[in-house]
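Hi,

Here is the structure I promised to pass on to you. Please open it beside this email and follow along as you read.

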Amino acid sequence: MTAATSVPDLPAGLPGLDPAWSRHVTVADATGAEHDWHVLDNGVTDPVGTLLCVHGNPTWSYLWRRLVAAAPPGWRVIAPDQLGMGFSERLAELRPLAQRVDDLGDLTAALGVTGPVITVGHDWGGVISLGWALAHRDQLRGVVLTNTAVAMPPGDLGPALIRLAHAPGVRPAATVGTPLFVRATTALSRPPLPAAVRDAFAAPYGSAERRRSVGDFVADIPFAPGHPSRAAQEAIAEGIRGLDVPALLLWGPRDPVFGERYLADLRGRLPHAQLHRYEGASHLVQEDAPQYARAVAQWVADLADGRPAAPPRPVAETPDRRPWSALTDRAGDDSPAVVEVGGGTVTWAQLSRRVEDLAAGLVAAGVGPGTRFGMLVEPSADLTAAVYAVWRAGAVIVVADKGLGLRGMRRALRGAGVGAVIGSSQGLAAARVMGLPGTRIAAGDLSPAAARALGATTSLAELEQRGATAAAPAVAAPDADCAVLFTSGATGPAKGVVYTQRQAVAQLDLVRSTYGLTPTDRLVAAFAPFAILGPALGIGSAVPDIDVTAPGSLTAAELADATAAVGGTVVFASPAALRRVVATAGELTDAQRTALGGVRLLMSAGAPVPLSLLQQLRTVLPAAEARTPYGMTEALPVTDVSAAEIEAAGSGDGVCVGRPLAGVEVRVSALTPTGRAEGDLTDTPGLTGEVCVRAAHVKDRYDALWATERVSSRNPGWHRTGDVGHLDAQGRLWIEGRLPHVVTTAAGVVTPVGVEQRVEQLPGVAAAAVAGVGPAGAQVVVVVVVPDGAGSSRLPGAASRLVPADAELAGAVRAAAGTEVAAVLTTGRLPVDIRHQSKVDRTAVARAAGAVLAGAGGSRRRS
């Protein structure tokens with residue numbers, strides 16, 4: 001039985017909530033008892049479909065206000081306050097899970113909901129929404145889940161915070177007697193919620209009487225097998241395995257309640273679900289990532305439009321080739337394949353045999369197709385063999401190098417869902433610190449005791465021995481995933497980029513043909529992630545003995561020693577590494593200069609390479625043709641240009657990166673005055689816009705970032721790079737900056753690179769960065785200059801202190817800039833990304849410049 005209590009009116013002035021959405025409806029349950037429900041309803045009549053949004057505990061329908069506002073055209077959005085919660089009727093007794101599922105069905109029937117319906121659930125509302133979905137399959141079109149759980153994974157005891165609140169001695173006081181539980185939930189958000197929003201969430205729960213169902217919800221969580229709601233919960237958990245409707249998971253990874261194990265469990269039950277992780281978001285992902293509402297609306301619109309989950313892209317016709325095929329081709333070759341500088345040499349025959357045995361050992365040990373391996377091994381022959389063995393076994397490498405820092409690596413590897421780790425002693429120790437799940441495999445010379453201490457259950461040597469007598473693994477399909485590679489994180493959290501085996505082969509073929517690589521070439525990879533590509537290209541390779549987290553530490557002598565060790569003819573290095581090489585060239589011996597004189601090709605990528613640097617390198621690598629392929633983790637290479645071609649192109653508004661390569665299409669999407677790339681794709685000369693790429697070797701998708709991928713591929717078959725540039729009349733591409741760094745002034749958009757280039761030509765200027773300060777559409781241009789002699793002009797981390805430039809320098813900068821400049825500031829260094837140490841973080845520069853101009857970070861005087 002239920003006893004209704006008075007239902008207060010919805011308070012006025014709740015942030016973001018339109019009072020017109022609020023309504024009350026009386027609904028009879030199966031016993032005939034009537035209940036007063038409070039519902040947010042956008043009021044669409046004759047809808048094309050309905051979004052049914054179900055909150056958890058201790059929130060209420062206010063949680064869904066942004067989704068009500070962002071409803072797709074023609075869609076009705078209904079967000080009820082569950083009975084006893086929000087501004088619905090209070091209950092005299094606990095209402096168990098099965099009853100709450102039935103209650104929701106009674107409500108939708110009373111509201112005339114007939115389908116198609118997409119359920120949207122959060123927290124305990126996720127289970128209830130899924131219960132409704134299973135009971136109304138004839139109306140169901142899809143499900144959306146946000147930070148919830150339907151079951152406790154094996155061996156799990158449940159969320160610690162909820163178990164604490166569930167304890168009989170704690171629950172009455174924490175959930176009912178005081179507002180502690182209500183207030184604690186909204187305190188989880190990052191950044192902290194505004195006080196008015198926290199008050200709005202607490203508004204329905206101002207007394208113990210009104211918080212009774214908050215405690216009852218906690219009591220109804222079926223932790224123990226004999227709990228009255230356990231059977232209903234288990235039926236829902238198992239029932240959703242058979243849901244054949246589209247599903248979307250939107251997740252806040254910093255949730256202390258529903259952590260990674262609950263997300264993994266959901267993905268196992270809904271393997272077809274698309275996922276987007278909002279990095280930095282916590283339990284209330286709707287508050288921490290308010291853009292979720294647009295993502296849901298877009299997903300719903302895509303379903304209505306019949307948009308395919310995977311946009312069509314060019315397909316490389318290489319069904320018989322795999323990333324390890326070059327090893328098979330050279331299986332009888334006793335020439336060097338991998339040379340460890342200061343270490344040993346592995347021949348092609350040895351590498352091919354080892355890869356086959358390791359792959360067979362992995363499969364014999366239970367590695368299944370698609371298993372994701374975190375690769376925590378320093379550049380070495382072990383790393384090379386492990387990578388190709390994982391591919392040969394049909395599994396996937398996850399590469400998040402140390403350049404991301406331990407925190408960035410942890411976020412990347414846990415987010416990618418690694419199921420196993422191959423690590424050196426340092427790598428296994430890092431895996432323990434990061435709390436990575438799955439099997440641990442030791443690489444290198446570790447004693448059994450050391451391996452056990454680090455959690456390793458086997459080693460590469462043991463797997464190789466086991467695989468020597470095991471059956472060869474089956475060959476994975478061409479379109480099976482083979483790699484998740486992480487971006488540098490220069491403009492936000494590093495993103496996982498998924499490649500299939502077919503796409504990887506297409507990339508290798510394009511690199512090989514573009515640069516005329518043959519088996520007689522030898523690669524010196526001074527950028528560690530590229531060290532593993534040598535064998536795939538069919539060329540021997542060596543890695544300089546450098547710290548991969550500091551590419552700028554490479555000296556000319558170290559590069560020469562690596563070149564001599566392998567007889568190098570091709571060098572790949574980042575701009576930061578090459579700047580250091582030039583700076584230390586005076587230390588070279590005659591023998592080292594001779595070794596570098598044998599290099600025929602120099603490649604550099606990761607950031608724009610100044611022509612002046614390429615010219616200086618001619619004295620270090622006199623016989624090398626300098627080529628700078630343009631691309632990104634998502635698509636490399638896209639274009640290519642030589643130093644001679646850059647010289648011939650002359651100056652322009654940006655960096656000339658050459659013409660698109662064979663099979664690659666490049667277009668731009670014109671910018672609006674507010675800096676958005678919304679124009680049609682075009683190759684019109686001189687038109688600045690976001691650079692868009694189409695090719696067979698472009699990434700398959702972003703990993704666990706559905707909303708990001710949707711934006712990136714909103715032109716089906718094309719990848720939007722986030723770079724801004726233009727094509728010239730000769731078909732050459734010029735890069736003008738990153739889309740987030742475009743300055744939107746009252747007079748129009750200003751792209752940063754051209755201004756920076758002009759300023760950097762001034763005497764006494766070592767480096768420059770352009771930033772926009774102020775609100776979008778009314779920003780002013782600020783130029784930050786690093787004077788000559790200030791030290792290293794580009795270093796990871798924050799910029800050093802900014803101060804106004806003197807009048808002479810400020811005047812020179814304004815004269816050279818080519819656009820109106822509001823202020824000129826100087827600093828000792830510019831902040832750059834960790835991996836390349838080349839990409840300037842102009843967003844950080846803008847924050848620092850804004851503080852100075854506001855008087856918070858330096859002199860108030862403007863220059």
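This is a predicted model: local features need pLDDT of at least 70, side-chain atom pairs count only at pLDDT 80 or more; totals for chains, interfaces and linings use all residues.

Residues are numbered from 1 along each chain as its sequence is written, and side-chain values use heavy atoms, with hydrogens and water left out.

Let's start with a pair of helices. Helices here are DSSP runs of H or I with at least four residues, strands are runs of E with at least two, and both are numbered from the N terminus. Two packed helices are described by the angle between their axes and the distance between the axes. The axes of helix 2 and helix 3 (residues 124-135) come within 9 Å and cross at roughly 60°; axes are lines fitted to C-alpha atoms, for helices over the stretch in contact, and angles run from 0 to 180 degrees between N-to-C directions. On the helix 2 side, the contact (heavy atoms within 4.5 Å) is made by Leu97, Arg100, Val101, Leu104, Gly105 and Thr108. Helix 3 contributes Trp124, Val127, Ile128, Gly131 and Trp132.

Now pick out leucine 104, which lies in helix 2 (residues 97-110). Is leucine 104 buried or exposed? Its relative accessibility is 4%, so leucine 104 counts as buried (buried means under 20% relative accessible area, exposed over 50%, and partly exposed in between, with a 1.4 Å probe and protein chains only). Leaving aside neighbours within four places in sequence, leucine 104 is in contact with Trp37, Leu52, Val54, Pro80, Ile128 and Trp132. Leucine 104 and tryptophan 132 are 28 residues apart along the chain, yet 6.9 Å separates their C-alpha atoms.

Glutamate 340 has valine 543 of strand 19 as its bridge partner.

Strand 16 (residues 481-486) is worth a look too. It pairs with strand 12 (residues 396-399) in the parallel sense over three bridges, and there valine 399 stands opposite leucine 485. Strand 16 is also joined to strand 17 (residues 496-500) by five bridges, and these two run antiparallel. The bridge partner of phenylalanine 486 in strand 17 is glycine 496.

How many disulfides does the structure hold? The count is zero, where a disulfide is a pair of cysteine sulfur atoms within 2.5 Å. Take cysteine 692: the closest cysteine sulfur, in cysteine 656, is 19 Å from its own, which is too far for a bond. Cysteine 692 is buried at 0% relative accessibility, and cysteine 482 is buried with a relative accessible area of 1%.

Last, find glutamate 756 in helix 28 (residues 752-760). Glutamate 756 is buried, with a relative accessible area of 7%. Not counting residues up to four places away in sequence, glutamate 756 touches Ala768, Ala769, Val770 and Arg842.

Enjoy exploring!

Technical notes. Two strands pair if DSSP finds at least two bridges between them.
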